[in-house]
Amino acid sequence: QMQLVESGGGLVQPGGSLRVSCAASGNIRSLNTMGWYRQTPGKERELVATISSGGSTKYADSVKGRFTISRDNAKQIYLQMNSLKPEDTAVYYCNVQGWTVGWRKVEYWGQGTQVTVSS
């Protein structure tokens, strides 16, 4: 089993910055792709950014140039959000793909952290 602990969400003014973090723990052999998704009421969950094990990144068009995804050696990923807009308001979810010690491919989702952009 793996647990994903998200932190860093909160209230920020338009134009401000916020950094959300996701820490993965548990009995896992290795991590592959990690990413951030977001969801607002009545809408489908959408991709925000992903980062591969090799460091390759992808971003949704709506956040390019403003958001930066990164990861470290401690099985953590981060999403630095700059120049935030009210439309960025959503619940942000961490997603992790990897392999168990028995070589079973698994995928986990965090519980989500609320990001609210408002004056």
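The structure holds 4 salt bridges, a salt bridge being a side-chain nitrogen of Lys or Arg within 4 Å of a carboxyl oxygen of Asp or Glu. Before the details, two remarks on the source. This is a predicted model, where local features need pLDDT of at least 70 and side-chain atom pairs count only at pLDDT 80 or more, while totals for chains, interfaces and linings use all residues. Residues are numbered from 1 along each chain as its sequence is written, and side-chain values use heavy atoms, with hydrogens and water left out.

Now the salt bridges. Arg 38 and Asp 88 meet through their side chains, N to O at 3.1 Å. Arg 38 is in strand E4 (residues 30-39) and Asp 88 in the loop between strand E8 (76-81) and strand E9 (90-99), so this pair ties together parts that are 50 residues apart in sequence. By buried I mean under 20% relative accessible area; exposed is over 50%, and partly exposed is in between, with a 1.4 Å probe and protein chains only.

What else does Asp 88 pair with? Arg 66 forms a salt bridge with Asp 88, with the closest N and O atoms 2.7 Å apart. That pair also links distant parts of the chain, since Arg 66 is in the loop between strand E6 (57-59) and strand E7 (67-71), and Asp 88 in the loop between E8 and E9, 22 residues apart. Arg 38, Glu 46, Arg 66 and Asp 88 are linked in a network of salt bridges.

Staying with Arg 66: at 10% relative accessibility, Arg 66 counts as buried. Its side chain reaches the backbone oxygen of Ser 83 at 3.0 Å. With the side chain of Asp 88, Arg 66 makes a polar contact at 2.7 Å. A polar contact is a pair of N or O atoms within 3.5 Å; within protein, one must be able to donate a hydrogen and the other to accept it, and residues adjacent in sequence count only if both atoms are side-chain atoms.

Asp 61 and Lys 64 also meet in a salt bridge, 3.2 Å from N to O. Is Asp 61 buried or exposed? At 64% relative accessibility, Asp 61 counts as exposed.

Next, the rings. The count comes to 2 aromatic pairs, where rings of Phe, Tyr and Trp (its six-membered ring) pair if their centres lie within 6.5 Å, planes under 30 degrees apart being stacked, over 60 edge-to-face and the rest tilted. One of them is Tyr 37 with Trp 109, edge-to-face, 5.0 Å centre to centre and 65 degrees between the planes. Tyr 37 is in strand E4 and Trp 109 in strand E10 (residues 105-109), 72 residues apart. Trp 109 is partly exposed, at 35% relative accessible area.

Arg 45 lies over the face of Trp 109, 4.7 Å from the ring centre. The charged end of Arg 45 also sits over the ring of Tyr 93, 3.7 Å from its centre. The rule is NZ of Lys or CZ of Arg within 6 Å of the ring centre and within 35 degrees of the ring normal.

Last, the cysteines. The whole structure has 1 disulfide, defined as a pair of cysteine sulfur atoms within 2.5 Å. Cys 22 and Cys 94 form it, their sulfur atoms 2.1 Å apart. The link of Cys 22 and Cys 94 is left-handed, at -85 degrees about the S-S bond. Both Cys 22 and Cys 94 are buried.

Conventions. Helix = DSSP H or I, 4+ residues; strand = E, 2+ residues; numbered from the N terminus.
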